[in-house]
Amino acid sequence: MSLFVHQLRAEQLVFWRSREAAIFIFIFPPLLFLLLGSVYGEGDIDGHPVTSYLVAGMLGYAVANTAFGGLAIQLVIRREYGILKRIRSTPLPPSLYLSCALVSNVLVYVLQAAVVVALGLTLYDAERPAATASLVAVLALGAVSFAGLGFGAAALIRSSDAVAAVVNVVVLPMSFLSGAFGSTEGYPSALQAVADVLPLTYFLDLTLAAYVDGQAPWDDPGAVGILAAWGAVGYLVAVRRFGWEPRER
């Protein structure tokens, strides 16, 4: 346990000492929420403030940006610069190192989610979560599932120069199509069909249900199953394809 705590502390120190990572992964979702809240902060939907829906949407965007994108970028860069190779040659168990990377990433997301909710409550009069325990359970499931996709993406992406571009090409369109930035009711049927298979769509459904309506995640087992299945696919890809050696150096 002491080794796990030591490595987890090291992961957190590395993250927060990197200004680029802190801005791209941690700061950007709250800043985006501030912008969207300023534009769409008035009015209500089905008797709930619009900002409550914006909070739920930003929690969805943040999990994709942080648990998926942040983890994929971190692992690919470390692999291509030979850091993973050097770690692999130390007595540190590989599973412990990867577990610490995952937990550190989830901790960043937890803090990020708290900041987004606090901004919504203090600046835009968003409602408090209708079911806090259910919301926490949904966020935990989403973080672990999208981290699995991050591991899978890291196993497939070959270049450290391309990883940020690949992540953005995936995260931003997925966020728009899934409804993280607003309603998708006016989207063409083809785009809605794409949204119906995206994991973020189901995470947002569960988040909205918990935050706005107070529903537990087990009230929608289909969404839970699809989200968990996406995460499982990511972990399976990582098990088969993840490497510790640089691929382009």
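These legends go with a set of close-up views of side-chain contacts in a predicted model.

The model is predicted, so local features need pLDDT of at least 70 and side-chain atom pairs count only at pLDDT 80 or more, while totals for chains, interfaces and linings use all residues. Residues are numbered from 1 along each chain as its sequence is written, and side-chain values use heavy atoms, with hydrogens and water left out.

**View A. Phenylalanine 15 and tryptophan 16 make an edge-to-face pair.**
Rings of Phe, Tyr and Trp (its six-membered ring) pair if their centres lie within 6.5 Å; planes under 30 degrees apart are stacked, over 60 edge-to-face, and the rest tilted. The count under this rule is 7 aromatic pairs. Here the ring centres of phenylalanine 15 and tryptophan 16 are 4.8 Å apart, with 85° between the planes. Phenylalanine 15 is buried at 11% relative accessible area, whereas tryptophan 16 is partly exposed at 36%. (Buried is under 20% relative accessible area, exposed is over 50%, and partly exposed is in between, using a 1.4 Å probe and protein chains only.)

**View B. Phenylalanine 176 and phenylalanine 181 also pair edge-to-face.**
Phenylalanine 176 is partly exposed, with 44% relative accessible area, but phenylalanine 181 is buried, with 14%.

**View C. Arginine 88 puts its charged end over the ring of tryptophan 244.**
The distance to the ring centre is 5.8 Å. For a charge to sit over a ring, NZ of Lys or CZ of Arg has to be within 6 Å of the ring centre and within 35 degrees of the ring normal.

**View D. Threonine 66 is a buried residue in helix 3.**
Helix 3 covers residues 50-80; helices (H or I, at least four residues) and strands (E, at least two) are DSSP runs, numbered from the N terminus. The relative accessibility of threonine 66 is 0%. Its side chain reaches that of glutamine 112 through a polar contact of 2.7 Å. (That term means a pair of N or O atoms within 3.5 Å; within protein, one must be able to donate a hydrogen and the other to accept it, and residues adjacent in sequence count only if both atoms are side-chain atoms.) Leaving aside residues up to four places away in sequence, threonine 66 touches Ile25, Leu71, Asn105, Val108, Tyr109 and Gln112, where contact means heavy atoms within 4.5 Å.

**View E. Arginine 78 and glutamate 11 form a salt bridge.**
A salt bridge needs a side-chain nitrogen of Lys or Arg within 4 Å of a carboxyl oxygen of Asp or Glu, and the count by that rule is 3. In this one, the closest N and O atoms are 3.0 Å apart. It links distant parts of the chain, with arginine 78 in helix 3 and glutamate 11 in helix 1 (residues 2-17), 67 residues apart. Both arginine 78 and glutamate 11 are buried.

**View F. Glutamate 80 bridges to arginine 79.**
The closest N and O atoms of this salt bridge are 2.7 Å apart. Glutamate 80 is buried at 2% relative accessibility, and arginine 79 is buried at 1%.

**View G. Glutamate 245 and lysine 85 meet in a salt bridge.**
The N to O distance is 3.7 Å. Glutamate 245 lies in the segment after helix 10 (221-241) and lysine 85 in helix 4 (residues 83-88), so the pair links distant parts of the chain, 160 residues apart. Glutamate 245 is partly exposed at 46%, and lysine 85 is partly exposed at 43%.
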